[in-house]
Amino acid sequence: MYALVEIAGKQYKAVEGESVLVDLLGIEAGQTYETDKVLAIVDGDNVKFGTPYIEGAKVEAVVGEIKKGEKIKVYKFHRRKGYRRTQGHREQYVEIKFSKITG
């Protein structure tokens with residue numbers, strides 16, 4: 001059994017017991033995160049789709065630790081002008097582990 005959920009504007013496949021990295025949610029580690037934005041629930045041959053969300057469906061998850069993504073380097077230059085700029089960026093994610101799918 002799995003569900004397709006929308007978290008922070010992005011869609012994820014939620015499987016009970018599995019974890020996924022999502023954008024920062026502003027919730028501390030160890031707390032539970034609950035969302036009712038469930039797009040679809042698949043249980044074997046039984047499939048439910050929402051328009052856009054399924055009424056009464058819920059997905060619960062436990063918030064884990066904050067992790068950092070890959071480092072991205074941005075390099076800008078203008079040829080023959082002596083203009084060079086290097087900038088780095090590293091996105092932060094939070095790991096959530098899905099615990100319960102209802103609906």
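The model is predicted. K10 lies in strand β2, which spans residues 10–15, and the largest nonpolar core has 18 residues.

**Surroundings of K10**

- When neighbours within four places in sequence are set aside, the contacts of K10 are with V5 and D23.
- With D23, the contact includes a polar one between the two side chains, at 3.1 Å.
- V22 is twelve residues from K10 in sequence, and the C-alpha atoms of V22 and K10 are 8.5 Å apart.

**Largest nonpolar core**

- Within this core of 18 residues, the members with the most contacts are A3, V5, I7, V38, V59, I96 and F98.
- Two or more residues of the core come from each of β1 (2–7), β2, β5 (38–43), β7 (58–78) and β8 (83–102).
- Strand β8 provides the largest share, namely four residues.
- In soluble globular proteins, nonpolar side chains tend to be buried together.
- Beyond its neighbours within four places in sequence, I96 is in contact with I7, E18, S19, V20, V22, L25, A61, V62, V63 and G64.

**Aromatic features**

- The structure has one aromatic pair.
- K13 is placed over the face of Y2, 4.4 Å from the centre of the ring.

Key: Residues are numbered from 1 along each chain as its sequence is written. This is a predicted model: local features need pLDDT of at least 70, side-chain atom pairs count only at pLDDT 80 or more; totals for chains, interfaces and linings use all residues. Side-chain values use heavy atoms; hydrogens and water are left out. Contact means heavy atoms within 4.5 Å. A polar contact is a pair of N or O atoms within 3.5 Å; within protein, one must be able to donate a hydrogen and the other to accept it, and residues adjacent in sequence count only if both atoms are side-chain atoms. A nonpolar core is a set of buried Ala, Val, Leu, Ile, Met, Phe, Trp, Tyr and Cys residues joined through side-chain atoms within 4.5 Å. Buried means under 20% relative accessible area, exposed over 50%, partly exposed in between (1.4 Å probe, protein chains only). Rings of Phe, Tyr and Trp (its six-membered ring) pair if their centres lie within 6.5 Å; planes under 30 degrees apart count as stacked, over 60 as edge-to-face and the rest as tilted. A charge sits over a ring if NZ of Lys or CZ of Arg is within 6 Å of the ring centre and within 35 degrees of the ring normal.
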